[in-house]
Amino acid sequence: MLSWSAPQVPGLAIVAPPVRLHDTATGERIVVEPDEGQPARLYVCGITPYDATHLGHAATYVGYDLLNRAWRNAGHEVTYVQNVTDVDDPLLERAAKVKIDWVELAERETELFRQDMHALRVLPPADYIGAVESIPLVVEMIQDLEAVGAVYRVGEDVYYDVTADPAFGKESGYDRDTMLELFGERGGDPDTPGKRDPLDPVVWRGEREGEPSWPSPFGPGRPGWHIECAAIARRYLGAAFDVQAGGSDLIFPHHEMGAGHAQALTPGTPFAKVYSHSGMVGYDGEKMSKSRGNLVFVSALRNSDIDPMAIRLALLRHHVRSDWEWTDDQLFDAVDSLAQWRKAVALGAGAPAEPVVTEVLAALADDLDAPRALAAVDAWVAATLGTDGLADTSDPDAAVSIIAVVDSALGVAL
Ligand code: 5CA
Ligand code: ZN
(Lines give C-alpha, C1' and ligand atoms only; values in the text may rest on other atoms or scores of the structure.)
(Ligands and ions follow the chains in the order given, each with its own letter.)
Protein backbone atom coordinates (compact mmCIF):
# COMPACT_ATOMS: atom_id res chain seq x y z
CA MET A 1 0.00 0.00 0.00
CA LEU A 2 1.03 3.59 -0.47
CA SER A 3 3.63 4.80 2.05
CA TRP A 4 4.28 8.50 2.71
CA SER A 5 6.90 10.74 1.16
CA ALA A 6 10.35 10.96 2.73
CA PRO A 7 11.70 14.16 4.25
CA GLN A 8 15.13 15.39 3.13
CA VAL A 9 17.83 14.12 5.49
CA PRO A 10 21.11 16.03 5.50
CA GLY A 11 24.33 14.02 5.46
CA LEU A 12 26.78 14.46 8.34
CA ALA A 13 30.52 14.98 8.24
CA ILE A 14 31.18 12.32 10.90
CA VAL A 15 30.07 8.69 11.16
CA ALA A 16 27.92 7.82 14.18
CA PRO A 17 28.90 4.96 16.53
CA PRO A 18 27.34 1.47 16.23
CA VAL A 19 23.83 1.29 17.70
CA ARG A 20 23.18 -0.53 20.98
CA LEU A 21 19.63 -1.40 21.96
CA HIS A 22 17.95 -2.84 25.02
CA ASP A 23 16.60 -6.28 24.07
CA THR A 24 13.35 -7.33 25.74
CA ALA A 25 14.15 -11.04 25.33
CA THR A 26 17.52 -11.07 27.11
CA GLY A 27 17.21 -7.87 29.15
CA GLU A 28 20.63 -6.90 27.80
CA ARG A 29 21.92 -4.00 25.79
CA ILE A 30 23.07 -5.43 22.48
CA VAL A 31 25.00 -3.91 19.59
CA VAL A 32 22.79 -4.42 16.53
CA GLU A 33 24.86 -4.48 13.40
CA PRO A 34 23.39 -5.70 10.12
CA ASP A 35 24.54 -9.04 8.70
CA GLU A 36 27.41 -8.94 6.21
CA GLY A 37 26.20 -7.60 2.87
CA GLN A 38 22.70 -6.86 4.19
CA PRO A 39 20.97 -3.62 5.05
CA ALA A 40 19.87 -3.14 8.66
CA ARG A 41 16.36 -4.61 8.82
CA LEU A 42 13.63 -3.15 11.00
CA TYR A 43 10.00 -4.11 11.46
CA VAL A 44 7.77 -1.83 13.51
CA CYS A 45 4.18 -2.93 14.08
CA GLY A 46 1.78 -0.49 12.45
CA ILE A 47 -1.60 0.88 13.39
CA THR A 48 -5.01 -0.69 13.43
CA PRO A 49 -6.70 2.12 11.52
CA TYR A 50 -10.00 2.64 13.30
CA ASP A 51 -9.17 5.98 14.89
CA ALA A 52 -6.72 8.84 14.39
CA THR A 53 -3.05 8.74 15.42
CA HIS A 54 -2.72 9.59 19.10
CA LEU A 55 0.41 10.73 20.89
CA GLY A 56 1.13 7.20 22.14
CA HIS A 57 1.36 5.93 18.57
CA ALA A 58 3.38 8.99 17.59
CA ALA A 59 5.84 8.41 20.47
CA THR A 60 6.40 4.84 19.28
CA TYR A 61 6.94 5.75 15.60
CA VAL A 62 9.08 8.79 16.37
CA GLY A 63 11.06 6.62 18.83
CA TYR A 64 11.90 3.98 16.22
CA ASP A 65 12.52 6.66 13.62
CA LEU A 66 15.52 7.49 15.82
CA LEU A 67 16.79 3.95 15.26
CA ASN A 68 16.35 4.25 11.49
CA ARG A 69 18.28 7.53 11.56
CA ALA A 70 20.97 6.25 13.97
CA TRP A 71 21.69 3.30 11.67
CA ARG A 72 21.85 5.55 8.61
CA ASN A 73 24.20 7.92 10.41
CA ALA A 74 26.34 4.92 11.34
CA GLY A 75 26.73 4.26 7.61
CA HIS A 76 24.14 1.53 7.07
CA GLU A 77 21.37 1.21 4.59
CA VAL A 78 18.08 0.44 6.31
CA THR A 79 15.15 -1.63 5.14
CA TYR A 80 12.17 -0.59 7.19
CA VAL A 81 8.88 -2.48 7.01
CA GLN A 82 5.58 -1.66 8.67
CA ASN A 83 2.13 -3.22 8.47
CA VAL A 84 -1.37 -1.80 8.70
CA THR A 85 -3.85 -4.08 10.46
CA ASP A 86 -6.60 -3.12 8.03
CA VAL A 87 -8.85 -6.02 8.96
CA ASP A 88 -9.25 -7.17 12.57
CA ASP A 89 -11.87 -7.36 15.32
CA PRO A 90 -11.49 -3.82 16.76
CA LEU A 91 -11.72 -2.23 13.31
CA LEU A 92 -14.80 -4.25 12.35
CA GLU A 93 -16.44 -3.53 15.71
CA ARG A 94 -15.87 0.22 15.40
CA ALA A 95 -17.12 0.27 11.79
CA ALA A 96 -20.29 -1.58 12.81
CA LYS A 97 -20.84 0.73 15.78
CA VAL A 98 -20.56 3.94 13.78
CA LYS A 99 -22.32 2.36 10.76
CA ILE A 100 -19.61 3.01 8.23
CA ASP A 101 -18.04 0.61 5.77
CA TRP A 102 -14.94 -0.94 7.40
CA VAL A 103 -12.87 -0.50 4.21
CA GLU A 104 -13.72 3.17 4.09
CA LEU A 105 -12.88 3.62 7.79
CA ALA A 106 -9.52 1.87 7.39
CA GLU A 107 -8.61 3.88 4.29
CA ARG A 108 -9.56 7.17 5.87
CA GLU A 109 -7.63 6.60 9.10
CA THR A 110 -4.60 5.19 7.29
CA GLU A 111 -4.47 8.31 5.13
CA LEU A 112 -4.63 10.51 8.22
CA PHE A 113 -1.81 8.47 9.76
CA ARG A 114 0.35 9.03 6.66
CA GLN A 115 -0.23 12.77 6.93
CA ASP A 116 0.63 12.74 10.64
CA MET A 117 3.83 10.76 10.05
CA HIS A 118 4.81 13.06 7.22
CA ALA A 119 4.22 16.15 9.38
CA LEU A 120 6.32 14.62 12.18
CA ARG A 121 9.14 13.90 9.70
CA VAL A 122 9.12 10.17 10.34
CA LEU A 123 11.06 8.38 7.60
CA PRO A 124 8.61 6.22 5.65
CA PRO A 125 8.86 2.42 5.49
CA ALA A 126 10.16 1.02 2.21
CA ASP A 127 7.32 -1.49 2.38
CA TYR A 128 4.06 -0.40 3.96
CA ILE A 129 1.89 -3.47 3.85
CA GLY A 130 -1.77 -3.98 4.68
CA ALA A 131 -3.21 -7.13 6.25
CA VAL A 132 -5.76 -7.50 3.46
CA GLU A 133 -3.18 -7.30 0.70
CA SER A 134 -1.00 -9.85 2.50
CA ILE A 135 -3.66 -12.57 2.77
CA PRO A 136 -1.84 -14.71 0.13
CA LEU A 137 1.35 -14.51 2.24
CA VAL A 138 -0.57 -15.47 5.36
CA VAL A 139 -2.21 -18.43 3.62
CA GLU A 140 1.17 -19.60 2.37
CA MET A 141 2.68 -19.35 5.84
CA ILE A 142 -0.19 -21.29 7.41
CA GLN A 143 0.33 -24.00 4.80
CA ASP A 144 4.04 -24.11 5.71
CA LEU A 145 3.08 -24.39 9.39
CA GLU A 146 0.61 -27.12 8.50
CA ALA A 147 3.41 -29.05 6.77
CA VAL A 148 5.42 -29.12 10.02
CA GLY A 149 2.37 -29.97 12.15
CA ALA A 150 2.31 -26.61 13.94
CA VAL A 151 -1.37 -25.82 13.32
CA TYR A 152 -4.68 -27.62 13.85
CA ARG A 153 -8.35 -27.08 13.24
CA VAL A 154 -11.06 -26.21 15.72
CA GLY A 155 -14.29 -26.16 13.73
CA GLU A 156 -13.89 -23.63 10.94
CA ASP A 157 -10.88 -21.98 12.58
CA VAL A 158 -7.18 -22.83 12.41
CA TYR A 159 -5.03 -22.49 15.54
CA TYR A 160 -1.28 -22.43 16.09
CA ASP A 161 0.13 -24.88 18.63
CA VAL A 162 2.45 -22.92 20.93
CA THR A 163 4.52 -26.02 21.66
CA ALA A 164 5.68 -26.07 18.00
CA ASP A 165 8.50 -23.64 18.87
CA PRO A 166 10.78 -24.85 21.67
CA ALA A 167 11.74 -21.22 22.31
CA PHE A 168 8.16 -20.22 23.15
CA GLY A 169 8.19 -17.78 26.06
CA LYS A 170 11.73 -16.53 25.51
CA GLU A 171 10.77 -13.26 23.86
CA SER A 172 8.60 -12.00 26.73
CA GLY A 173 10.09 -14.06 29.55
CA TYR A 174 6.64 -14.04 31.21
CA ASP A 175 5.39 -16.84 33.45
CA ARG A 176 2.32 -18.80 32.46
CA ASP A 177 -0.13 -16.92 34.69
CA THR A 178 0.98 -13.59 33.28
CA MET A 179 0.70 -15.00 29.76
CA LEU A 180 -2.83 -16.25 30.40
CA GLU A 181 -3.91 -12.92 31.81
CA LEU A 182 -2.44 -10.85 28.98
CA PHE A 183 -3.63 -13.24 26.29
CA GLY A 184 -7.22 -12.76 27.45
CA GLU A 185 -6.83 -8.98 27.68
CA ARG A 186 -5.14 -8.48 24.33
CA GLY A 187 -7.33 -10.14 21.75
CA GLY A 188 -6.77 -13.81 22.66
CA ASP A 189 -9.46 -16.42 23.37
CA PRO A 190 -8.18 -18.62 26.23
CA ASP A 191 -11.64 -20.12 26.86
CA THR A 192 -12.49 -21.42 23.39
CA PRO A 193 -13.29 -25.14 23.76
CA GLY A 194 -11.31 -27.64 21.70
CA LYS A 195 -7.94 -25.89 21.80
CA ARG A 196 -4.88 -27.92 22.76
CA ASP A 197 -3.60 -25.09 24.96
CA PRO A 198 -5.60 -22.05 26.11
CA LEU A 199 -2.70 -19.89 24.85
CA ASP A 200 -2.88 -21.16 21.26
CA PRO A 201 -3.72 -18.20 19.00
CA VAL A 202 -5.95 -18.28 15.94
CA VAL A 203 -4.13 -18.02 12.61
CA TRP A 204 -7.17 -18.33 10.34
CA ARG A 205 -10.59 -17.29 11.58
CA GLY A 206 -13.36 -19.06 9.68
CA GLU A 207 -16.08 -16.94 8.12
CA ARG A 208 -18.64 -15.44 10.53
CA GLU A 209 -22.00 -13.97 9.65
CA GLY A 210 -21.64 -10.28 8.75
CA GLU A 211 -17.81 -10.32 8.68
CA PRO A 212 -15.60 -10.03 5.61
CA SER A 213 -13.90 -13.21 4.44
CA TRP A 214 -11.54 -14.45 1.76
CA PRO A 215 -11.29 -17.89 0.16
CA SER A 216 -8.45 -20.15 1.29
CA PRO A 217 -7.50 -23.84 1.35
CA PHE A 218 -8.81 -23.89 4.96
CA GLY A 219 -12.17 -22.49 3.91
CA PRO A 220 -13.34 -18.87 3.74
CA GLY A 221 -12.13 -16.65 6.56
CA ARG A 222 -9.59 -14.00 7.52
CA PRO A 223 -6.10 -13.90 9.05
CA GLY A 224 -5.35 -13.94 12.75
CA TRP A 225 -3.41 -10.95 14.05
CA HIS A 226 0.02 -12.40 14.92
CA ILE A 227 0.42 -14.36 11.69
CA GLU A 228 -0.16 -11.12 9.78
CA CYS A 229 3.04 -9.51 11.08
CA ALA A 230 5.00 -12.77 11.01
CA ALA A 231 4.12 -13.34 7.34
CA ILE A 232 4.82 -9.74 6.30
CA ALA A 233 8.17 -9.63 8.12
CA ARG A 234 9.18 -13.02 6.71
CA ARG A 235 8.41 -11.96 3.14
CA TYR A 236 9.83 -8.44 3.19
CA LEU A 237 12.73 -8.84 5.63
CA GLY A 238 13.53 -12.56 5.59
CA ALA A 239 13.23 -15.40 8.10
CA ALA A 240 15.65 -13.62 10.44
CA PHE A 241 16.18 -9.88 10.71
CA ASP A 242 17.61 -7.29 13.07
CA VAL A 243 14.93 -5.56 15.13
CA GLN A 244 11.25 -6.20 15.81
CA ALA A 245 9.72 -3.19 17.52
CA GLY A 246 6.46 -1.79 18.82
CA GLY A 247 4.87 -0.65 22.04
CA SER A 248 5.32 -2.69 25.22
CA ASP A 249 1.67 -3.79 24.92
CA LEU A 250 2.89 -5.99 22.05
CA ILE A 251 5.49 -7.94 24.06
CA PHE A 252 2.89 -10.60 24.74
CA PRO A 253 1.10 -12.20 23.00
CA HIS A 254 1.79 -10.40 19.73
CA HIS A 255 5.57 -10.53 19.39
CA GLU A 256 5.88 -13.82 21.27
CA MET A 257 3.42 -15.51 18.93
CA GLY A 258 4.89 -13.89 15.82
CA ALA A 259 8.33 -15.15 16.80
CA GLY A 260 6.82 -18.60 17.47
CA HIS A 261 5.12 -18.77 14.07
CA ALA A 262 8.38 -17.94 12.29
CA GLN A 263 10.67 -20.03 14.49
CA ALA A 264 8.48 -23.11 14.13
CA LEU A 265 9.55 -22.98 10.47
CA THR A 266 13.23 -22.23 11.11
CA PRO A 267 14.08 -24.03 14.36
CA GLY A 268 17.09 -22.61 16.17
CA THR A 269 17.08 -19.30 14.26
CA PRO A 270 15.69 -16.37 16.23
CA PHE A 271 13.13 -14.38 14.25
CA ALA A 272 14.60 -11.01 15.33
CA LYS A 273 18.04 -10.43 16.83
CA VAL A 274 16.56 -7.83 19.16
CA TYR A 275 13.01 -7.14 20.37
CA SER A 276 12.68 -3.51 21.30
CA HIS A 277 9.63 -2.03 23.00
CA SER A 278 8.53 1.51 23.60
CA GLY A 279 6.87 2.61 26.82
CA MET A 280 3.19 3.45 27.10
CA VAL A 281 2.11 7.06 26.98
CA GLY A 282 -0.68 7.81 29.41
CA TYR A 283 -3.17 10.61 29.74
CA ASP A 284 -5.49 11.34 32.64
CA GLY A 285 -3.99 8.54 34.69
CA GLU A 286 -4.37 5.72 32.19
CA LYS A 287 -2.64 4.29 29.12
CA MET A 288 -3.74 6.34 26.12
CA SER A 289 -5.83 3.90 24.13
CA LYS A 290 -8.54 3.83 21.55
CA SER A 291 -10.67 1.54 23.67
CA ARG A 292 -10.46 3.86 26.72
CA GLY A 293 -10.99 6.97 24.61
CA ASN A 294 -8.52 9.16 26.59
CA LEU A 295 -6.77 10.37 23.49
CA VAL A 296 -4.83 13.37 22.27
CA PHE A 297 -4.67 13.25 18.49
CA VAL A 298 -1.69 14.44 16.50
CA SER A 299 -4.04 15.76 13.81
CA ALA A 300 -6.04 17.77 16.36
CA LEU A 301 -2.86 19.45 17.61
CA ARG A 302 -1.80 20.13 14.04
CA ASN A 303 -5.22 21.63 13.28
CA SER A 304 -4.85 23.96 16.24
CA ASP A 305 -1.72 25.47 14.67
CA ILE A 306 0.83 23.64 16.79
CA ASP A 307 4.08 23.25 14.85
CA PRO A 308 4.57 19.49 14.32
CA MET A 309 8.24 19.99 15.21
CA ALA A 310 7.14 21.09 18.69
CA ILE A 311 5.07 17.89 18.99
CA ARG A 312 8.11 15.87 17.95
CA LEU A 313 10.32 17.71 20.43
CA ALA A 314 7.82 17.13 23.25
CA LEU A 315 7.87 13.38 22.50
CA LEU A 316 11.67 13.31 22.35
CA ARG A 317 11.92 14.70 25.88
CA HIS A 318 11.10 11.16 27.04
CA HIS A 319 13.15 8.05 26.51
CA VAL A 320 11.37 5.77 24.04
CA ARG A 321 11.38 2.94 26.57
CA SER A 322 9.89 4.82 29.48
CA ASP A 323 6.21 5.01 30.41
CA TRP A 324 5.07 8.61 30.84
CA GLU A 325 2.04 10.84 31.10
CA TRP A 326 1.20 13.48 28.54
CA THR A 327 0.32 16.93 29.90
CA ASP A 328 -0.41 20.04 27.87
CA ASP A 329 2.44 21.87 29.67
CA GLN A 330 4.97 19.64 27.97
CA LEU A 331 3.75 20.83 24.61
CA PHE A 332 4.03 24.49 25.58
CA ASP A 333 7.54 23.85 26.95
CA ALA A 334 8.46 22.26 23.62
CA VAL A 335 7.09 25.27 21.73
CA ASP A 336 9.40 27.46 23.89
CA SER A 337 12.40 25.16 23.37
CA LEU A 338 11.90 25.15 19.63
CA ALA A 339 11.76 28.94 19.58
CA GLN A 340 15.00 29.13 21.59
CA TRP A 341 16.74 26.60 19.36
CA ARG A 342 15.69 28.53 16.26
CA LYS A 343 16.79 31.83 17.77
CA ALA A 344 20.23 30.37 18.52
CA VAL A 345 20.83 28.86 15.07
CA ALA A 346 19.67 32.09 13.42
CA LEU A 347 22.85 33.73 14.79
CA GLY A 348 25.06 31.59 12.53
CA ALA A 349 28.04 31.65 14.88
CA GLY A 350 27.79 30.00 18.28
CA ALA A 351 29.42 27.84 20.90
CA PRO A 352 31.61 25.04 19.46
CA ALA A 353 29.37 22.61 17.58
CA GLU A 354 31.60 19.59 17.18
CA PRO A 355 31.32 18.23 20.75
CA VAL A 356 27.53 18.65 20.52
CA VAL A 357 27.33 16.69 17.25
CA THR A 358 29.44 13.92 18.78
CA GLU A 359 27.35 13.82 21.96
CA VAL A 360 24.00 13.78 20.09
CA LEU A 361 25.13 10.87 17.91
CA ALA A 362 26.60 9.00 20.90
CA ALA A 363 23.41 9.45 22.93
CA LEU A 364 21.19 8.12 20.15
CA ALA A 365 23.49 5.17 19.46
CA ASP A 366 23.23 4.36 23.17
CA ASP A 367 19.74 2.83 23.21
CA LEU A 368 18.12 5.85 21.51
CA ASP A 369 18.71 8.21 24.43
CA ALA A 370 16.89 11.25 23.03
CA PRO A 371 16.63 13.13 26.37
CA ARG A 372 20.44 13.02 26.64
CA ALA A 373 20.78 14.26 23.04
CA LEU A 374 18.32 17.09 23.70
CA ALA A 375 20.22 18.12 26.83
CA ALA A 376 23.36 18.56 24.70
CA VAL A 377 21.48 20.80 22.25
CA ASP A 378 19.88 22.77 25.11
CA ALA A 379 23.32 23.40 26.60
CA TRP A 380 24.65 24.59 23.22
CA VAL A 381 21.64 26.91 22.81
CA ALA A 382 22.13 28.33 26.31
CA ALA A 383 25.85 28.91 25.69
CA THR A 384 25.20 30.47 22.28
CA LEU A 385 22.45 32.80 23.48
CA GLY A 386 24.36 33.60 26.64
CA THR A 387 21.45 32.67 28.89
CA ASP A 388 24.02 31.02 31.18
CA GLY A 389 26.45 33.97 31.17
CA LEU A 390 28.32 35.43 28.23
CA ALA A 391 27.22 34.48 24.70
CA ASP A 392 29.81 32.16 23.12
CA THR A 393 30.21 32.77 19.38
CA SER A 394 33.68 31.26 19.02
CA ASP A 395 32.59 28.78 16.32
CA PRO A 396 31.73 30.81 13.20
CA ASP A 397 29.89 27.94 11.45
CA ALA A 398 28.27 26.35 14.47
CA ALA A 399 24.67 26.75 13.30
CA VAL A 400 25.19 24.78 10.09
CA SER A 401 26.43 21.73 12.02
CA ILE A 402 23.75 22.01 14.71
CA ILE A 403 20.94 22.34 12.17
CA ALA A 404 22.29 19.30 10.31
CA VAL A 405 22.59 17.01 13.33
CA VAL A 406 19.27 18.06 14.84
CA ASP A 407 17.59 17.34 11.52
CA SER A 408 19.48 14.18 10.58
CA ALA A 409 19.61 12.43 13.96
CA LEU A 410 16.58 13.83 15.78
CA GLY A 411 14.31 14.58 12.81
CA VAL A 412 13.62 18.11 14.01
CA ALA A 413 13.80 20.72 11.24
CA LEU A 414 14.90 24.07 12.61
N1 5CA B 1 -1.90 -3.10 14.55
C2 5CA B 1 -1.37 -3.50 15.83
C3 5CA B 1 0.07 -3.91 15.73
S4 5CA B 1 0.33 -5.12 14.51
C5 5CA B 1 -1.53 -2.40 16.88
O6 5CA B 1 -1.15 -2.61 18.00
N7 5CA B 1 -2.12 -1.28 16.46
S8 5CA B 1 -2.40 -0.01 17.43
O9 5CA B 1 -2.99 0.98 16.54
O10 5CA B 1 -3.12 -0.40 18.55
O11 5CA B 1 -1.01 0.51 17.91
C12 5CA B 1 -0.03 0.96 16.99
C13 5CA B 1 1.35 1.05 17.68
O14 5CA B 1 1.30 2.03 18.71
C15 5CA B 1 1.78 -0.24 18.35
O16 5CA B 1 3.19 -0.39 18.20
C17 5CA B 1 1.41 -0.03 19.79
O18 5CA B 1 2.23 -0.80 20.65
C19 5CA B 1 1.68 1.45 19.96
N20 5CA B 1 0.86 2.08 21.02
C21 5CA B 1 -0.47 1.96 21.21
N22 5CA B 1 -0.89 2.69 22.29
C23 5CA B 1 0.24 3.29 22.77
C24 5CA B 1 0.50 4.18 23.88
N25 5CA B 1 -0.46 4.61 24.67
N26 5CA B 1 1.78 4.60 24.07
C27 5CA B 1 2.79 4.19 23.25
N28 5CA B 1 2.60 3.35 22.18
C29 5CA B 1 1.35 2.91 21.96
ZN1 ZN C 1 2.22 -6.37 14.57
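**Pockets and ligand**

Mentor: The largest pocket holds about 1400 Å³ of space. A pocket is an open set of points on a 1 Å grid over the protein atoms alone, where a 1.4 Å probe fits, with protein on both sides within 12 Å along at least five of seven lines; lining residues have an atom within 4 Å of a point. This is a predicted model, where local features need pLDDT of at least 70, side-chain atom pairs count only at pLDDT 80 or more, and totals for chains, interfaces and linings use all residues. Residues are numbered from 1 along each chain as its sequence is written, chains are lettered from A and ligands numbered from 1 in the order in which they are written, and side-chain values use heavy atoms, with hydrogens and water left out.

Trainee: OK, ligand 1. Where does ligand 1 sit?

Mentor: Ligand 1 takes up the space of the largest pocket. The residues that come nearest to ligand 1 are T48, T60, T85, D249 and K290, among 24 around ligand 1; "around" means a heavy atom within 4 Å.

Trainee: Which element gives the largest share of that shell?

Mentor: α1, with four residues. α1 (55-73), α6 (225-237) and β10 (241-247) each supply at least two. By class, the shell has nine nonpolar, 12 polar and three charged residues.

Trainee: What lies 2.8 Å from a nitrogen atom of ligand 1?

Mentor: A backbone N or O atom of M288 does. A side-chain N or O atom of T60 is also 2.8 Å from a nitrogen atom of ligand 1, and a polar side-chain atom of T85 is 2.7 Å from a nitrogen atom of ligand 1. The protein buries 94% of the 600 Å² that ligand 1 exposes when taken alone, with areas from the Shrake-Rupley method and a 1.4 Å probe.

Trainee: Switching topic: how much space is in the second largest pocket?

Mentor: About 270 Å³. The second largest pocket has 19 lining residues, with A167, K170, Q263, P270 and Y275 nearest its centre. α7 (251-263) and β11 (272-278) each give two or more residues to that lining, and β11 has the largest share, four.

Notes
A polar contact is a pair of N or O atoms within 3.5 Å; within protein, one must be able to donate a hydrogen and the other to accept it, and residues adjacent in sequence count only if both atoms are side-chain atoms. A molecule sits in a cavity or pocket if more than half of its atoms lie within 2 Å of its grid points. Ala, Val, Leu, Ile, Met, Phe, Trp, Tyr, Cys and Pro count as nonpolar, Asp, Glu, Lys and Arg as charged, and the others, Gly among them, as polar. Grid points are joined across faces, edges and corners, and a volume is the space filled by probe spheres set on the points.
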